Amino acid sequence: MNGREGIPNADRFAFGKNWRSFLSVVDEERIRDAQTSLCDFLGLESLAGMRFLDVGSGSGLFSLAARRLGAEVHSFDYDPESVKCAEDLKRRYFPDDPDWRIEQGSVLDRDFMENLGQFDVCYAWGVLHHTGSLWQALSNVHVAVVEGGLLFVGIYNDQDVVSAIWERIKRTYCSGELGRTICTAVFYPAFFLSGLVIDVLHLRNPARRYKEHKRRHRGMSLVHDWKDWLGGYPYEPARPQRVISFFENLGYTLSKFKRPEYGFGNNEFLLKKEKREAR
Ligand SMILES: C[S@@+](CC[C@H](N)C(=O)[O-])C[C@H]1O[C@@H](n2cnc3c(N)ncnc32)[C@H](O)[C@@H]1O
């Protein structure tokens, strides 16, 4: 256990392992989809001349996308296997590039966050609710955003009792081999069949769900997303208004907000850190 984390590593989902498997399907199309998702939500065509912080970089795909869009990139993740994934992508696409730095670190480590410096764009998508201490993570990420800069966060939507049930399922998945096997055996077919039923009822070709997932979901892969969702623990969802109020109190304004398609999944927030008035 890392003293700053609160949750033993043995009880956490092995995100890096899932990202390692995802790397085998990363191709030009996925990279372009990731770039498009960044540009669309940020409302920017390029990140040239900007400093981009990828908090909990996972596979490293969004660091790569930001680097391709011209930003100077700093990636970090708590899971050493995720760090290796970003390093692999860097080796593949930007070997020896001094403008893309990658390291292991935790967003819960205040000293680490303060020493990173400040960034024009901080990207923390699907990360802070997995730290074990969401509100501390939100407060720590704030110190890395420059005045006038943008914070793009994705945080799981709190659905009360539904979220409480998912929390139990995720905890079971992460409890060991037996829990993982049971959850996988029950939920993979359930995810598959529920998608099939929805598609048939809407007279849609069920194969499109798999083909179009990457374009509609930031270059991601549906099966890797199932696993990430099923196992993703720690899990601490939040109501959107709580997140918005939290950042408004820190001097941010909400520029954009997007709800998840079916209620569960990430609420996406684009927040601008206002410049303080000169006294
Ligand atoms: C669901 S993945 C999201 C990855 C990436 N941001 C994306 O959008 O695809 C969550 C990532 O957060 C990382 N993470 C969890 N706790 C963290 C912490 N305290 N500090 C930094 N990263 C953390 C995990 O290791 C994992 O790679």
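Ala, Val, Leu, Ile, Met, Phe, Trp, Tyr, Cys and Pro are counted as nonpolar, Asp, Glu, Lys and Arg as charged, and the others, Gly among them, as polar. The structure is a predicted model, in which local features need pLDDT of at least 70 and side-chain atom pairs count only at pLDDT 80 or more, while totals for chains, interfaces and linings use all residues. Residue numbers start from 1 along each chain as its sequence is written.

The chain is divided into domain 1 (9-158 + 237-273) and domain 2 (161-231), with bounds from an automatic or database domain assignment. The centres of the two domains, taken over C-alpha atoms, are separated by 22 Å. Domain 1 contributes 17 residues to the contact and domain 2 contributes 12 residues, where two residues are in contact if their C-beta atoms, placed from the backbone, lie within 7 Å. On the side of domain 1 that touches domain 2, α1 (15-23) and α2 (28-42) each supply at least two residues; helices (H or I, at least four residues) and strands (E, at least two) are DSSP runs numbered from the N terminus. The most is given by α2, with six residues. This side of domain 1 consists of eight nonpolar, three polar and six charged residues.

Strand β4 (residues 119-125) has six of its seven residues buried, that is, with 20 or more other C-beta atoms within 10 Å of their own, C-beta atoms being placed from the backbone; exposed residues have 12 or fewer, and partly exposed ones lie in between. β4 pairs in the parallel sense with strand β1 (residues 51-55) over three bridges, pairing being assigned if DSSP finds at least two bridges between two strands. Tyr123 of β4 is the bridge partner of Asp54. A parallel pairing over six bridges also joins β4 to strand β5 (residues 145-156), in which Val153 stands opposite Ala124.

Most residues other than glycine have a negative phi, and most peptide bonds are trans. Asp96, in the loop between α4 (80-93) and β3 (100-104), has a positive phi near 60 degrees. Asp96 is exposed, with 7 other C-beta atoms within 10 Å. Asp160, in the loop between β5 and α7 (161-173), has a positive phi of about 50 degrees. A cis peptide bond joins Tyr233 and Pro234, with omega about 10 degrees.
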